[in-house]
Amino acid sequence: MNDAEPNNSGSIDILIDECVKASRLLGGDQSLVLHGGGNTSVKAPFLDITGAVIDALYVKGSGWDLASIEAPGFAPLPLQRMHALLELEQLSDADMMRELSAARLDPVAPQPSVEALLHAYLPHQSVLHSHADLILTLTNLRDGDSLVREVFGDRVIYVPYVMPGFELAREVKRRWETEGNSSIIGMVLMNHGLFTFAETAEVAYANHIGLIGEVETYLASVPASEREAAAAVPHICATELAKLRHQLSEVAGRPMILSRDTSPETLSFVGRNDLADVAGRGPVTPDHVIRTKRTPMIGQDISAYATDYRGYFDENKDRAASPVTMLDPAPRVVLDPSIGMLTAGIQAKDAAIANDIYRHTMAVISTCEDRLGGWVPLSADHLFDVEYWDLEQAKLRLSGPPPSMAGQIGVVTGSASGIGKACAAALLDRGAAVIGMDIADDVELAFDGPAWCGIKVDITDADAHREALATGIDRFGGVDIVVMAAGIFGASTPIGDLEADDWRRVMSVNVDAVAEALRQLHPILVLSPVGGRVAMIGSKNVSAPGAGAAAYSASKAALTQLARVAAIEWAADGIRVNTVHPDAVFDTGLWTDDLLASRAEKYGLTVDGYKRRNLLQTEVTTAVVGEAVALLCSDSFAATTGAQIPIDGGNERTI
Ligand SMILES: [Zn+2]
């Protein structure tokens, strides 16, 4: 606290806003910061409720991403207290985090970054930290230390690798006391990243970009390497991928998403003759181990990978201060010239993050190994410390327990609208990834995010369906759940007036296409790590048909019978097949206003009365059907197959 004239809160807001701006510039560039990495801070006064002014550090809080951080993402901490903590000879991680947490000047602020003490120590108002690709390139080399000195001269302090947290803050303090001066604009942390600092966020950012630019200039002076031309995209059967996902999920102890990447850069990297050697050396920065594990799996021998991982754990487990439990030994990155790259994760977004990280990793490894004299990442023992560091694992825990269908993959036909779209939404809500198929153009954009793969396809075309399925399996690795929701009603005519083509069209979409799709899906469903599940969208018309809907009623009856036979035939494979019979679901593409009006008139009812024409007098919406289908496909119905469940508000003709 000081007695100086209180700063006004407007100028404090300006300082924090400038820090937010610089943070977002860093976070918005994937070559600087990836997925929650990096941290930033600003030193500014904190006005407390009594009017006292406290010298404070506003440092990035856990759970915030630099790309989207806002002012509340910074935790205010009293500088005096931070300096007192730095005087301690030793401070365990748990004690440090408790002290940082307790020191927050605002109790609702997020948990401060583990690098808060380092930020607090540096005398500059603005401090920025990234894991820039080009800095990682320079600091993972056989002669990295001399190259860092050659490129940056004495404007930066060179810091050999030290475990992040208290140890790193103490190391920086020790070095700053002897090497620090006003001409120093940054610190290069070997195998880790870059810090820059200045009196304003703008200058600290300019220093950051400036130093990275100098690495770029240096690289331009080094001859480019001859990169192998990328091979053609290798063909791999959908069942082979599903089998690999099955094995990987077994080792992980839970269903996993497995996403394939066959970009030219990836194929060029996996085609390297020295792939196992270079990729097996480690990650570009220890921060990545929780996403990619220490090494990728080369080839497809998952049990050998798991054995190696157990060996690495056993060899290093005694390094931890308190006993640690082994994480699952399944790989998160798979490199194989006959596949490309696969990245694994509990949810599609985790597989996507591992993919982003490893794409940057491959570029850094290639530059280091091919142009700069040799790729030498951090040794396994240091990486183990970070992988099993409770503060790193806490980052994963921040997102909470995974949702109930995390790691599972659904195929939903007819998913651009109506019941299909509602079923897809219900599966996505439960954390599943969904391959959505529909003949409509807008299926691709029906949902946002990495868990959605919308594919425009006419499912009556068997070859097109096979291709769409392969695309979806490339994206997620397999199929666990199938919802057959695509369907058409056809013309509403008495049998005497029925056109043969119309009858044929209804049968083709509602039955033939489903039989063919099931035939194609069976070998994939057999490989589901959690047991396949199929839900057919039938109709009340199966047990209570109405005049004028011969083709529709007959097609849904055939579909129901198909499901019953599949339930019998596939039970031995652990696949459950059930049918729901919705009725009077009016928010679907099948029901036009005209059709609705004519049906209501036929029964002598208003449209609203017709909508609630059931025992419970309730409206059956697509969302109601979607929820019921998702539940039927969940473990709640683990003992149910061959069932037919009405979703119709109750009907005297079918009860
Ligand atoms: Zn870092």
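Which residues in α17 are buried? Keep that question in mind as you begin, and remember throughout the tour that you are looking at a predicted model.

Select residues 418–429 to bring up helix α17, which has 12 residues and reaches 17 Å from its first C-alpha to its last, close to the 16 Å expected at 1.5 Å a residue. The helix is mostly covered, since 11 of its 12 residues are buried, and these are Gly 418, Ile 419, Gly 420, Lys 421, Ala 422, Cys 423, Ala 424, Ala 425, Ala 426, Leu 427 and Leu 428. Just after α17, pick out Gly 431, which takes a positive phi of about 90°.

The crossing in which α17 passes α23 is right-handed. Where they meet, the residues of α17 include Gly 418, Ala 422 and Ala 426, while those of α23 include Thr 622, Gly 626 and Val 629.

Now move to an open sheet of 4 strands, arranged in the order β8-β11-β10-β9 with mixed pairing. Its edge strands are β8 (257–261) and β9 (297–298), each of which pairs on one side only. Finally, select residues 333–336 for β10 and residues 340–345 for β11, two strands that run antiparallel and are joined by 4 bridges; here you can find Leu 335 standing opposite Met 341 in β11.

Conventions. Residues numbered from 1 in each chain as written. Predicted model: local features only at pLDDT ≥ 70, side-chain atom pairs only at ≥ 80, totals over all residues. Expected span 1.5 Å × (residues − 1). Buried ≥ 20, exposed ≤ 12 C-beta atoms within 10 Å, placed from the backbone. Pairing = 2+ DSSP bridges. Left-handed = near helix turned anticlockwise from the far one by under 90°. Contact = placed C-beta atoms within 7 Å.
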